Amino acid sequence: MGVKISLKNHLKLLMEYVKISLASAMEYKTSFITQTITMVINDTVWIIFWIIFFNKFNQINGWTVQDMFMLYAVVTFSYGLAGVFFGNRNKIAEVIAEGKLDFYLSLPKNELFHVLISRSSWFSMGDVVFGLIMGIISFSWWQWPLFFVLSLMSMSIIISFGTLAGSLAFFMGNAEESSRNLYMGLISFSTYPLAVFHGAARIILLTIIPAGFVSGIPVELLKNFNLKWFLLSLICSLVFITISIIVFKLGLRRYESGNNMNVRV
Amino acid sequence: MTLTKYIEISKISVYNSLAYLLDFFSGSLFIGLIIFVFIQLWNVVYGPSAGLIEGYTINMMVWYLVLTEAIVTSPGKILEEIGDEIKTGNIAQNLNKPYNYVGFKYASSMARTLLRFLITFGVGSLVAYVFLGGLEVKFLTLPIILVSVFLALTLHFLIMVLLGILVFWLEDASATYFIYQKIVFVLGGMLMPLEIFPTWLEKISAALPFSYIAYHPAKLFVNFQWSNVSEVLLKQLMWIMIMIVIVTIVYQICIRKISLNGG
């Protein structure tokens with residue numbers, strides 16, 4: 001694409017999509033509210049599970065129920081942001097398989113960015129709300145700025161991982177199930193205390209399935225800030241963003257268009 | 001005569017599902033991953049001494065989860081299917097057919113469910129066996145456990161049908177399913193046996209129907225006691241009867257309220 005990619009233009013596009021999404025949320029208020037509340041209840045049930053668990057066992061490898069509150073603050077808030085602003089993060093395989101990518105290819109915006117932002121999940125709004133509630137319960141005022149920064153880094157990892165998993169569709173055709181499993185795997189691993197994983201499992205969670213950097217490491221940093229691990233987290237998110245952009249570009253070269261001549265209005 | 005048509009429906013459903021075997025396997029891989037995570041979690045909780053927690057060894061604890069996960073996840077999206085048919089009005093296509101709608105759904109989905117149960121249980125067992133070890137189960141008790149699992153799947157099906165029909169009033173099928181699933185996860189004792197709960201919550205959960213889907217059959221599986229058998233099976237049957245009555249009533253009310261336009 002010969003068009004110069006300007007950050008300002010893309011942010012403007014994101015804002016436009018957010019506006020459309022808000023307008024439609026207001027149009028279908030009941031649905032929007034139901035889905036938001038459902039997600040809050042869903043997350044609450046998980047926290048109840050952990051309260052019961054730690055009520056019985058007090059701590060596991062140094063992790064307490066307070067640490068789980070922080071973990072849920074980071075996990076739900078960052079997954080929530082990813083879902084609200086980059087709703088297609090886990091739908092890329094579908095978009096590719098159904099030939100819907102054509103629409104984005106014809107426009108003068110970065111294709112990956114445009115695909116990601118063109119959907120917004122209302123369930124995710126519940127995650128954002130729940131993350132903030134958990135944050136209010138867990139954090140002192142000075143932890144909030146760090147919490148927001150770490151959540152943005154987690155969010156980037158989540159979106160990049162979703163993009164990588166979805167890009168499998170470029171190379172294997174029908175990859176919806178595999179890509180869903182990979183994405184769900186990242187979610188699942190990031191909702192358990194990092195301290196229970198040892199050896200190979202821990203190495204995997206700090207590299208190819210970076211769930212440790214999505215939740216476990218941010219919790220450690222919020223408890224005891226450590227510059228080395230902060231920088232490692234930052235590098236991890238930058239590396240994942242870069243790889244996902246490269247892989248998506250490589251995939252695009254292999255993409256064979258469908259003849260899905262739809263016009264979106 | 002009447003039963004044969006439902007058996008035929010089941011057969012067709014199994015043939016259809018065979019086409020999606022790979023999809024089933026892929027779905028059960030996720031269950032394998034959860035089993036793996038819980039093995040790590042319980043390993044830390046039990047520590048190197050690996051004693052008993054509330055009467056469960058670590059192997060019992062993990063194999064308990066292998067069975068509950070397989071029961072709870074194998075029916076798939078029945079609730080959403082029925083919810084969608086009711087909301088879109090497609091249910092009308094079934095009303096003038098010579099079968100009972102719920103019976104038809106039961107025959108077609110149970111066949112699929114049992115197939116998926118076998119695969120999920122197989123994958124879960126493999127993960128548990130490789131990363132932890134086996135479980136001692138007396139051969140003689142297996143038929144009873146299988147009956148209990150079958151009743152659990154039937155009860156699970158009926159509750160989802162009921163909620164599916166209620167989508168007529170509740171509006172959002174996936175939201176309803178989400179919350180029901182989480183109730184079974186915790187109060188049904190899917191994630192951990194009810195003995196881990198504080199006593200008051202354990203008593204409430206054990207009395208609710210959800211625990212007859214996960215906790216009670218899984219406990220029979222890992223810690224078989226002859227003294228529990230009749231109570232568990234009878235209570236499962238009792239809840240199934242109660243659900244059949246409620247589903248029949250709610251279904252009739254819903255059908256009367258559906259208004260159809262054209263064909």
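Visitor: How far apart are A:E16 and A:K19 in helix α1 of chain A?
Guide: They sit three residues apart in α1 (residues 7-27), so about one helical turn separates them. Helices here are DSSP runs of H or I, at least four residues, numbered from the N terminus. This is a predicted model: local features need pLDDT of at least 70, side-chain atom pairs count only at pLDDT 80 or more, and totals for chains, interfaces and linings use all residues. Side-chain values use heavy atoms, without hydrogens and water, residues are numbered from 1 along each chain as written, and chains are lettered from A and ligands numbered from 1 in written order.

Visitor: What do the side chains of A:E16 and A:K19 form?
Guide: A salt bridge, 3.3 Å from N to O. The term means a side-chain nitrogen of Lys or Arg within 4 Å of a carboxyl oxygen of Asp or Glu.

Visitor: Is A:K19 buried or exposed?
Guide: Exposed, at 53% relative accessibility. A:E16 is partly exposed, at 40%. Buried means under 20% relative accessible area, exposed over 50%, partly exposed in between (1.4 Å probe, protein chains only).

Visitor: New topic. How many residues of chain B are in contact with chain A?
Guide: 31 residues of chain B, with 31 of chain A. Contact means heavy atoms within 4.5 Å.

Visitor: How many salt bridges are there between chain B and chain A?
Guide: One. A:K56 pairs with B:E54, their closest N and O atoms 2.3 Å apart.

Visitor: And over all chains, how many salt bridges?
Guide: The structure holds 11.

Note on methods. Helix = DSSP H or I, 4+ residues; strand = E, 2+ residues; numbered from the N terminus.
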